Number of protein chains: 2
Amino acid sequence: MSSPAGAAARPPVDALDCRILLLLLTEPGVGVLGASRRLGVARGTIQARLDRLQRTGVLRSMAPDVDPAALGYPVTAFCTLEIRQGRGGHSPVVEHLAAIPEVLEAHTITGSGDVLIRIVGRDNADLQRVIDRVVDDAHVTRASTVISLATRLDHRTIPLVEHLLDASS
Amino acid sequence: MSSPAGAAARPPVDALDCRILLLLLTEPGVGVLGASRRLGVARGTIQARLDRLQRTGVLRSMAPDVDPAALGYPVTAFCTLEIRQGRGGHSPVVEHLAAIPEVLEAHTITGSGDVLIRIVGRDNADLQRVIDRVVDDAHVTRASTVISLATRLDHRTIPLVEHLLDASS
DNA sequence: TCGCCGGCTGCGCAGAGTGCACAAACTGTT
DNA sequence: AACAGTTTGTGCACTCTGCGCAGCCGGCGA
């Protein structure tokens, strides 16, 4: 479907947007004025683009990135939860998970009503405690856990933006 | 090992650190001066704490958060890769994965030399293309993919910091 | 072809925030 | 009692932000 040849309709971001994003990602704190100087465009343009990117949700948040490992939670694991099917969908399970601070992420995934979560712990024993708390819910029937031994690529979006920049050159 | 009762030795962050982090996470752009006013401490203290948090790696980055979905990659999936064991470990595989912009994350996990990755795509067909490119490597012997149907909890660290704040009250 | 319109540009302004330094007070420790 | 480390209040110069303005340009419809 969609247009077979060229004509990328309306890309969510154009080349200038990509360069702004890239600059902000690689050099946070560069600021609006710095970005305008670096990219050779007017400061007002940067501000307008930034406002639009924030409105459209591309720039989700300007919050800093906190490392759970440095906070004392060096162990990361991924849990695939089996959920008992029932009326009400996954909402009760999600509420239960949301109440556990060590649960950093939760996705419903393809399969028989399954949920994939990311959890952290102070050590392996602590991780066990977190898992126990996760499965301590009537809707969770089973949990299979894999521990992250090492993080090889960590939450990067820079290559994606670079890719978009190349595409919309 | 370690102290059996109380005596939390030296927590990586104290209560004030937690409150600073919490404020920065919930209200980015509040700035150093704003934080000092809000928390009722001197501005220099906030700056010193912030510097230390950044040095110790707790504040990993001040970069904004870019949403791949808003960039045109609304489909997220998790792939468990089976890696052919061999000398050199996982490095060649990681390099191969790092070259694919749609691979946002990669962990080596417990099990028979497996890797868990997070990928995004423009749609399901595009996701297939990404997976094909991922498995197009001599070291990757198998890939099993689950698609994220919905993100229920998204990369949150706020509850964790709140938990630390309660603990170190 | 002409005229409109949205985006980009360059400028200046007032206000706010930042980085940095200093000296004083307070903590727990030796 | 003396000590080092941390926190605090204060001041200054500098930069950046947010905002409005007028002028310029290219695309689009009349």
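**The surface near DNA strand C**

Around DNA strand C lie Val41(A), Ala42(A), Gly44(A), Thr45(A) and Ala48(A), together with Gly31(B), Val32(B), Leu33(B), Gly34(B), Gly44(B) and Gln47(B); a residue is near a strand if its C-beta atom, placed from the backbone, lies within 6 Å of it. The elements giving two or more residues to this surface are α3 (43-55) of chain A, and α2 (31-39) and α3 (43-55) of chain B. Helices (H or I, at least four residues) and strands (E, at least two) are DSSP runs, numbered from the N terminus. With four residues, α2(B) gives the most. By kind, the surface near DNA strand C has five nonpolar, six polar and no charged residues; Ala, Val, Leu, Ile, Met, Phe, Trp, Tyr, Cys and Pro count as nonpolar, Asp, Glu, Lys and Arg as charged, and the others, Gly among them, as polar.

This is a predicted model, in which local features need pLDDT of at least 70 and side-chain atom pairs count only at pLDDT 80 or more, while totals for chains, interfaces and linings use all residues. Residues are numbered from 1 along each chain as its sequence is written, and chains are lettered from A and ligands numbered from 1 in the order in which they are written.

Turning to the protein chains, 59 residues of chain A are in contact with 59 residues of chain B (C-beta atoms, placed from the backbone, within 7 Å). On the side of chain A that touches chain B, β6(A) gives the most, with eight residues. β1(A) pairs with β2 (residues 65-66) of chain B in the antiparallel sense over two bridges (pairing requires that DSSP finds at least two bridges). Leu59(A) stands opposite Val66(B) in β2(B).

Note on methods. Contact = placed C-beta atoms within 7 Å.
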